[in-house]
Amino acid sequence: MFSSLWQKVRMLSHRRLSELIGMIYDCAIEPDRWPATLAEICQSIGCMSGFLLLVDLEQSGHKFAHSWGLSSDWKERYLAYSDRLTGFYSLAFSRQYQRDGEPLIMSRFIDQTGSNGKRIYEELRRTLSINDVMQTVVLREARRIAILTASRHQDGGNLMDGDAATIRLLVPHVGRAVKIIDILDVKKIEVDTLAATLDTFIAGVVVVGEEGCILHANNSAKRMLLAHNPITAIDGILTASNATANQQLSAAIGLARTDESEIGSGGLGVPLLSDEPAVAHVLPLARGDVRTRLMPQATAAVFITRAESNSIADVGALARNFDLTAAEIRLLEQLARNATLASAARTLGISQETARTHLAHIFSKTGVSRQADLLTLVDRLAPRIRRTAR
């Protein structure tokens, strides 16, 4: 088994990995590049089709869907199952069954999803002439998940551990690109209107060059810099106000310049640990045909989410801000979906007493004393950035 896995991983050279990662980050600037990028990802593991979804678990819908290798009516057929698939996704991609970013080979798992999930899967499999599917959660938030799927043709055999290992290398980068697309909420950033476009966002956006030198800051970022919270500028260098956070942010920016393939190892976002906790998302700009055209001397764009953006919380980043344990994160995710403490305990398979203990620890770490205040905090701390009205 080890030998087979090694052969598969070895097939993806460092050069090829870098090419794929570059394509993924270019999609953050031009999302219409996703179909071609999905083609390259899928072909790297012998798959004949693939798609990328951002699923709204609360509204039973999809914010976006990009695909490659599927018939023109696949989206209509697939999304027709949205209301039923929401429950399937909640089960199949809960941490009960898989860790974030861990590929799930459906031929090994489908029997655990219940009759409804299995029936839908079998119908889609038959209709689309596929033999096996690999699905991976690339982004997980309290109310939404983004899923990357690759499908192998019915004549291609089952997906193997080595195929999962290849996807595992790409997942952090896909997740970061999806998050930034969600932040930007635009179809494409035009080079000639870059500054004007960035100034339409409520969140802070800072474009940096060598050593974190600030090349451009939008209006929101300028206000943060003037307040020295959660970021500041020291001799023109972007600096997080908190020393620990600054080390992590500087490291992420450095990797964006020297080796963007390694930037995924630090997690999706950098918790800034300010008075009102914020999260920075770093988009590498030093490579790629698309990204280098935005600002040729730029190393990275740093997107900073803060409380005033008032949207959907990134529980993973929130957990890092307050050092929550895995068990506390799972409970917080359930509560953020408006579950009661009792129903959250049932879903997680723990006793109410254990749930109350976890909640008490969360209260202590976040500095609140009521569940209502906790949920308000969740919704405020790491939101999806929305655009201001023009």
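View 1. Glu30 counts as buried because its relative accessibility is 10%. Buried means under 20% relative accessible area, exposed means over 50%, and partly exposed lies in between (1.4 Å probe, protein chains only). The model is predicted: local features need pLDDT of at least 70, side-chain atom pairs count only at pLDDT 80 or more, and totals for chains, interfaces and linings use all residues. Residues are numbered from 1 along each chain as its sequence is written, and side-chain values use heavy atoms, with hydrogens and water left out. Glu30 sits in the loop between α2 (14–29) and α3 (34–43). Helices (H or I, at least four residues) and strands (E, at least two) are DSSP runs, numbered from the N terminus.

**View 2. Ile147 in strand β5.** Strand β5 (residues 144–153) holds Ile147. Ile147 is buried, at 0% relative accessible area. From Ile147 to Val174 is 27 residues in sequence and 9.7 Å in space, C-alpha to C-alpha.

**View 3. An open sheet of 5 strands.** The order is β7-β6-β12-β11-β10, with antiparallel pairing. At the edges are β7 (214–217) and β10 (270–271), each pairing on one side only. Two strands pair if DSSP finds at least two bridges between them.

**View 4. Strands β6 and β7.** Strand β6 (residues 204–208) pairs with β7 over 3 bridges, in the antiparallel sense. Val207 has His216 in β7 as its bridge partner.
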